[in-house]
Structures are given as C-alpha cells and as structure tokens.
Amino acid sequence: MKTIKELQQEIINDFSFLDSWDEKYTYLIELGDSMPPMDPANKTEANLVKGCQSSVWFSLRCEDGRVYLEADSDSLIVRGITAILTTIVSGQCAQDLLTLDVQFLDEIGLWKHLSSQRNNGVMAMLGHLKSFVSEHCTLPDY
Amino acid sequence: MNKSIIGAREDFPILKVKVHEHDLVYLDNAATTQKPQVVIDAITNYYKTINSNIHRGNHTLSMLATEAHEKARQNIANYINVAHPYEVIFTRGTTESINLVAFSFGEAFVKPGDEIIVSQLEHHSNFVPWQLMCQRKGGVLKMIPFDDNGDLDLAVFKEMLSERTRLVAVNHISNSLGTINPLPDIIAMAHAAGAAVLVDAAQSVHHIEHDVRALDADFYAFSSHKMYGPTGIGVLYGKESWLEKLPPYQSGGEMIDSVSLEHTTYNQLPFKFEAGTPHIEGPIGLSTAIDYLKEFDSLQLRAYEEDLLDYGVERLTSIPGLTLYGNPKKRSSILPFNIQGIQHYDLGSLLDAFGIAVRTGQHCTQPIMDRLGIPGNVRASLALYNSKADIDALIDGIMRARKILRK
C-alpha cells in the first residue's frame, strides 16, 4: 500500500506531463470517467456532501481501521476531483486521514489557491470525510 | 459634450489584469461591477485629506468630512429625483435596506392575517426578510408567479390584492432572468388597493429609469457596488410620510435626540435610521460613481447596453443545444443559459480558465430555478465597459469548453 504522500506525488507527476491547460482538464475528466459508477442506492441524502455547488456523493465505509471511498458528482470536473480523492483515500488508515490536506491539488496546475479557500467544495468534501472518520471508524487509543 | 462610451473601458484599471494569462473578460456585473479610477481616487483622497468622524466634531476635518458626506447624500438624492435629501438613508446595501423596511414596517403596520406580496422573480434578499417578518407578526406571504416567458402574471397579482395587503415588494429588474418588470402598473395597482410598494432597484438603478418620484415608489432600495461605486454602502429611499411613521431599526449613537433611563427620543430623518458611525467614504465613492455615470448621455448609454444585450441574445441562441432562459417582453443586461448535457459549474470553471468571469449556480433565486426545473445555470451579465468583443470571447470560450466537456 502506497502512502498518502506517495500517491499525491504520483498525481502531481502525472499532471506535470500535460502541457496545456486543456489537456489537464481533459485528463481530469478522464480520471472521473474511469471511476466505477456509484451504486444509485448509495446516493442518499446522508451521503450528499453539503456545501458544493454541484451535487457530490461520498459513500464511505470503515473496515479493520481502513477507510474506503466511493464517490460521484453530476459535474465532470468535480467527478474528476473525487476520483483523485478516492485514489488517495481508499485503503488508508483512518487515523492518517484525520490530518489529510489537499495542498497537492494546487500543484497539478489547474487551480492556484484551491486548498487555501475555506469556502469551496473540496473543503466541504474534506470536512465530510473527516467527520465520517471520527464518528464511524475505530481509532487506536494512543 | 458627453463622454464617449467607446473607450470607457480604459477608465477601469482592473480590466487590464490577466486571469490565467488571458485578458480578463468580466461578465459578472450583476454580482458586482468594477470601479472607475475616479471612484478609487475619491476614496483614497478622502482618507488622505479629510478623514474624521462626522456630525459631531467642531474641528476643521470633521466639518469637511461632514460636508462631503452630506453633499454626497444630496447628489444621490438628485440622481433618483428625491424631494428631500433626508429621505435618503444610508445602509450597507440593498439587503440591509430591505431588512430595515421589513422590520420597521412590520412592527408598525402588520397585524395577524395581514398580507405581504412578493414576486416569484425576487432575489432571496427580497423574499426571506418578508417571510421572517410574516412569521414574527402572523402575516401571510403571497407570491406573484411568472409565466413561461419570465413575465409576472399581473392578472394573478390583481386577484391577490385585497384590503389585507399591506405592502408589495418587487424588483425592477430580475437578477436571474433580466426581466424588466412593469413597475408603473404594479405600483398603481398596489396603491389602488391601499398597499405600499418597495422596489428592489439593485439591478436597475444604473441601467434604466431611476426617477423614484415618477415611479411613485414608497420605498426604493439599491446598492452602490452594483453601479460602479464601492461595496458596503447602499441606499434606502422612503417617502417622508412613511419614514416618519416607522420605528427605528437599529439603535446607538447618531440616531438619538435625548436619552435617559426612563425614555429616549430619536433624532430627525435620516439620522433616526443611521445608528453608529457611518461608512463615511462609502457615500463619497457612490456619489463619485454617479458623477461618472452622468458624464455619459443617458439615452445613448441605454441604447448601447440594449444593443449589446441584443447581440448577446443573437450570438448565444445561435449555439446548438443552448437554452437561454426567459423571453420577457423587456429584458436588461442579463443572459442566463445552459448547454444541453453540460453541468453549469463545469462550463463556468472552463470559462474561468479562459479568463472569462461569469456566475454559475442559482443566483440567490431558488424559486426561479424551481419554476424552471433546473438546478442552476450560467449567467453572463453586462455593464457599460463591455463590448461585442467580450460577447465574442464568451461564445469562443463556450465552444472551446464544449469540446472538452461533451463526450
């Protein structure tokens, strides 16, 4: 299992091979397309991430202290972002996700300050993930 | 000699900035407009030369600042053709102006079972304050529907009016569809039923008719920042006869006459409604924006903006799969649309990458989006510094974005 840091660096590297802005967006949308479709039964009100302009669903589960994410959105761009987050999050230890940050998204060359804006959809997704982890996953006591 | 509209773009320094290495194409003017250099200078000069608290100090700077602030009130009063400058109350913006009336009018005049009428075309800020007031006072909120073209149904409105109607709150131009509402008819009908009328002029005061006495509006609210002035300052006009009868909205310094443990009496208009140290440079900046607007021939300016809107409608509707929302009898400056199979947020994000600023979402008008049956749309909105080249850039941007977003 690769670490979160390693996975983030891989994503930055993948995007760095794309020169133009159009290519980067096209690739981001392809990442979203390559994600398996979400079970419609999981598109519940509880799984809807609040605070996004588009509709975003996060279906999360914990197994043996590890977290698994399935995601979807009606926006192709946001679906691409959720595909990146799914790659980074799925299979990771719950306690590592509590300190997850998304600064690496600023380095893929599509947005300059995505991670520093408090009031945006990515921050809402991160908040949704972290509250799930702290409420539903068994964390080691240390 | 009037100022030429061609070249007015040069007066707005921000329009020279680059966004994602592209020249900025700013088409989010219904959200806020950019500021000409003269407005920026007026605010800077205020702080450099006369900054002081107003209405009380007897030193020179305080007197100069007071004079500049009150001269600004006079200039704004003249622009909307108000009988007395003290009928112009400074607020933080349209939202606060409406909240002031909803609160104070509600306290004074709304009893259980009384009715307030809004329209389905209202911004949330001319909807929710009335809803809250009705909940508090036991009033009943009614809504004039709009038809498939985006025009208000005045026949339904006529039926809605009754002896229980206390106030009708409507906008002059819809921020979401651009509909120019037939205010003379609406106001005449409301007055015939004995109801007062509040006009939300946030989108209209700088584009179309803004003579409040000709309109015979009882209350008229607008924001400086949507008409080339600074943010944080707005206006509530109210007829003196109404304002005298309304209780204060907020209390504190400036708004009082005498204070004791037993009883406080209030200052005269407009100060009764202006508690606390005001946003002194705000009216000075707004007044300068009005002077700037007055440099243009108003009829020429309106013709220029109408021509630009027609060009936008023509170019947008030529794109296959594009839906332009609303087809009202009269439209102003606002172009809301979606493209089949493309989510509005995606289109807005890609346009931003080309340096084109538009708004995406619901534009604070959920009742309109519900009526249209859509989760949101893309809104391009125009100002005097826009040109056909900006519309062309928007169309090119849409075509490029479509290639990326359509599978």
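Helix 3 and helix 5 of chain A cross in a right-handed way (a crossing is right-handed if the near helix is turned clockwise from the far one by less than a right angle, and left-handed if anticlockwise). Helices here are DSSP runs (H or I, at least four residues) and strands are runs of E (at least two), numbered from the N terminus. This is a predicted model, where local features need pLDDT of at least 70, side-chain atom pairs count only at pLDDT 80 or more, and totals for chains, interfaces and linings use all residues. Residues are numbered from 1 along each chain as its sequence is written, chains are lettered from A and ligands numbered from 1 in the order in which they are written, and side-chain values use heavy atoms, leaving out hydrogens and water.

Helix 3 of chain A also crosses helix 1 of chain A, and that crossing is right-handed too. Here are the two pairs, with axes fitted as lines to C-alpha atoms over the stretch in contact and angles running from 0 to 180 degrees between N-to-C directions.

| Helix pair in chain A | Axes come within | Crossing angle |
|---|---|---|
| helix 3 (76-89) and helix 5 (121-136) | 11 Å | roughly 35° |
| helix 1 (4-16) and helix 3 | 9 Å | roughly 145° |

So who touches whom? For helices 3 and 5 of chain A, the contact is made by A:V78, A:I81, A:T82, A:L85 and A:V89 on helix 3, and by A:V122, A:M125 and A:L129 on helix 5. Contact means heavy atoms within 4.5 Å. These residues divide into 7 nonpolar, 1 polar and no charged (Ala, Val, Leu, Ile, Met, Phe, Trp, Tyr, Cys and Pro count as nonpolar, Asp, Glu, Lys and Arg as charged, and the others, Gly among them, as polar).In the pairing of helices 1 and 3 of chain A, helix 1 brings A:I4, A:L7, A:Q8, A:I11 and A:F15, while helix 3 brings A:I84, A:T87 and A:I88. By class, that makes 6 nonpolar, 2 polar and no charged residues.

Now for the two chains. Here 14 residues of chain A are in contact with 15 residues of chain B. The area buried between them is about 1300 Å², with carbon and sulfur atoms giving 59% (buried area is the accessible area, taken with a 1.4 Å probe, that two parts lose on being put together, summed over both). On the chain A side, A:W21, A:Q53 and A:L76 lose the most area to chain B, together 39% of what that side buries.

There is 1 salt bridge between chain A and chain B: the side chains of A:D22 and B:R400 meet at 3.0 Å, N to O. The term stands for a side-chain nitrogen of Lys or Arg within 4 Å of a carboxyl oxygen of Asp or Glu. Helix 2 (21-33) and helix 3 of chain A are the elements that give two or more residues to the side touching chain B. Helix 2 of chain A supplies the largest share, 6 residues. By class, this side of chain A has 6 nonpolar, 4 polar and 4 charged residues.

Chain B has some backbone details to look at. A cis peptide bond, with omega about 0°, joins B:L269 and B:P270. B:P270 is in the loop between strand 12 (264-266) and helix 9 (281-294) of chain B. B:E21 has a positive phi, near 65°, in a residue other than glycine, and B:E21 lies in the loop between strand 1 (18-19) and strand 2 (22-23) of chain B.
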